[in-house]
Amino acid sequence: MSILQLKGVTLGYGGPPVLDGLDLTVQVGERLALLGRNGAGKSTLLDVIQGRAEPDHGVIVREPGLRVGYLSQRVPDDLAGPVLDVVLTGCGPVEPSELDATRARAEAVISRVGLASDARAEDLSAGLKRRVLLARALVEEPDLLLLDEPTNHLDIDAIQWLEEFLRRHVRTFLFVTHDRAFLRGLATAILDLDRGTLTRHDADYDTFIERKEHALDVEARGAKDFDKKHKQEESWIRQGVRERRKRNQGRVRRLEDTRDKRAGRREVAGSVQMQASSAAPSGRLVVEAKGVAFAWEDGPSIAGLDATILRGDRVGIVGPNGSGKTTLLRLLLGELTPDAGSIRHGTNLEIGYFDQLHATLDETISAAENVGGGNQTVMVGGKERHVVSYLRDFLFTSDQARGGVTHFSGGERNRLLLARLFCRPSNVLVLDEPTNDLDVETLEVLESLLADYEGTVLLVSHDRELLDHVATSTLVLEGGLEREAASAGRVGQFAGGYTDWLAQRKQAEPVEAGERKGKRRRKGPAPSSLDKEEKRELRNLPAQIEKLETEQAALHEQLADPAFFKGPGEAIARATTRLESVGLSIEAAYARWELLEAKREGPAA
């Protein structure tokens, strides 16, 4: 059932329309991911759906009584007061006779998001403040929930909690995100906003990417053919007087029409071009930490850090908000002195540092001066470039390059910091949350650069796919401001990216449980042979995994079929949920298989 329709919606602010004849239909049960470049108009579209912005042209048809909730990408600086009072502000004016029922509904929502009604909002972490705002958006039980970059500044645990919460408790929603794992886990369809037009793709993210690339290729070939023909016609119209007398006036009119079309054509937005300037290679050893401990008086602590980072390693750093990831970086870089243990640095280190708080941008000077340091040129890839020309690679216009950065958006600030980072020679790149506010296309360019970087990378990120595609090892901080004190400060080092760490953790958990149990019962080593049930389980696991993978492939094929998404929303939701469940079952089965194989082979000598 349709609850919202936009027909021919157009909205502009003096230049080319931000929304240009846009059509959109939202059905009950859909989970729609809205994608587009920074500045494409995603937030404008959300404003139009909410009624906060009126289109210049077009029609909006809402189901009578449609309730729309909204979760902003920004946490207000002035969020304060008891959580219950903050959530109740989402209800608007309430009649005295309805006050008790409204309070009860608000308390139920607060409980559902895992908060206490009497907690003070100003004392909560950024992740818990986001839960307060989510509760405020849900308290009126909206028929359609809009979420604008809901994963920004959340740690991985909070992102996974939000993903599961939305899947279980919110029936219909439209969300903007740059987090590809979050998108894959939730979206039943993808909306692509490009140059003012909206295209719907009833497919998974990977299929959407293939279709998008194909469509852009077709468009580019068509534009090339059009320009070639237009050039020929322009040449014909400029022939001499004798030829003018013979002109076909219909051909002249067609030429005028092609001129208008060419002038009105909106070109594809350019892609960010990134190339890191390399310094001479560092020594083989980059950083060695032994028994490192550090504690702030009222903040996170690091305990028992042992790590060796060698030239060419790409190290992901993950942990809950408040667990000390930035503190860990500063210890590794030598900016902080450990309370115990030692940090040893290798030779010839040239470090480039991306700061998540943008503290290193000078608000009093232009973007070009921030990048060039007062110089008109920068060296990139061994070639001298004018700084304004170089900034065009990062999608800044000449006016933006020469103007101040005070009014830059979060995405623009991130791109400017990356531009400055990559034009300085380095052999060690340190990036502290570089992906916030970046669009997916720019994020994927950054990912490719980091994967191909010849030096060493230290990467703090909550982006699971980025970590999987880039990291060769992962440092994991357990604990944090919202975790049990017993685990606070512990740092583990694991091979591979985020998913690899998950598999290793799952494999280790039963072993650790067995070790704890063994400590109570006996002192000798745990037996390495399998019992009868485990042997049968090990024999059956390959067939079980094959069956799950067959079902997974069938579900992928089903969800890639556009016709499937014309059916009931409940069937789409069931298939999407089942696909995720099957994926988790496959991971667990592989981890169990590895564990039983290791137990059968016995402990290493």
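Started at strand β10, residues 285–295: 5 bridges join β10 to β13, and the two run antiparallel. I took strands as DSSP runs of E with at least two residues and helices as runs of H or I with at least four, numbered from the N terminus. Two strands count as paired if DSSP finds at least two bridges between them. Within this pair, Ala289 stands opposite Ile343 in β13.

Ground rules before going on: this is a predicted model, where local features need pLDDT of at least 70 and side-chain atom pairs count only at pLDDT 80 or more, while totals for chains, interfaces and linings use all residues. Residues are numbered from 1 along each chain as its sequence is written, and side-chain values use heavy atoms, with hydrogens and water left out.

**Sheet one.** I traced the order as β11-β10-β13, an open sheet of 3 strands with antiparallel pairing. Its edges are β11 (301–310) and β13 (340–345), each pairing on one side only. Neighbouring strands are turned by 10° against each other on average, direction ignored. What packs on this sheet? I found helix α10 (residues 325–333), which touches β10, β11 and β13; contact here means heavy atoms within 4.5 Å. The direction of α10 makes about 55° with that of β11. For the angles, axes are lines fitted to C-alpha atoms, for helices over the stretch in contact, and values run from 0 to 180 degrees between N-to-C directions.

**Sheet two.** This open sheet has 6 strands in the order β14-β17-β18-β12-β19-β20, with mixed pairing. The twist averages 15° from one strand to the next. Phe354 stands opposite Leu431 in β17.

**Cavities.** I used a 1 Å grid over the protein atoms alone: a cavity is a set of points where a 1.4 Å probe fits but cannot get out, and lining residues have an atom within 4 Å of a point. Points are joined across faces, edges and corners, and a volume is the space filled by probe spheres set on them. How many cavities of 30 Å³ or more are there? The count comes to 2.

The largest cavity holds about 70 Å³. I listed its lining, including His153, His178, Asp179, Glu433, His462 and Asp463. By class, that lining divides into 2 nonpolar, 7 polar and 3 charged residues. In this scheme Ala, Val, Leu, Ile, Met, Phe, Trp, Tyr, Cys and Pro are nonpolar, Asp, Glu, Lys and Arg are charged, and the others, Gly among them, are polar.

The second largest cavity has about 50 Å³. Among its lining residues I saw Val286, Val287, Leu332, Leu333, His345, Ile351 and Val428. β10 and α10 each supply at least two residues of this lining. The classes are 8 nonpolar, 1 polar and no charged.

Glu141 has a positive phi of about 50° although it is not a glycine. I placed Glu141 in the loop between α4 (126–138) and β6 (144–148). Buried or exposed, or in between? Glu141 is partly exposed, at 47% relative accessible area; buried is under 20%, exposed over 50%, partly exposed in between (1.4 Å probe, protein chains only). Leu395, another non-glycine, has a positive phi near 70°. Leu395 lies in the loop between α12 (387–392) and α13 (398–402), and is partly exposed at 30%.

Notes: 1 Å grid on protein atoms, 1.4 Å probe; cavity = no way out; pocket = protein on both sides within 12 Å on 5 of 7 lines; lining within 4 Å.
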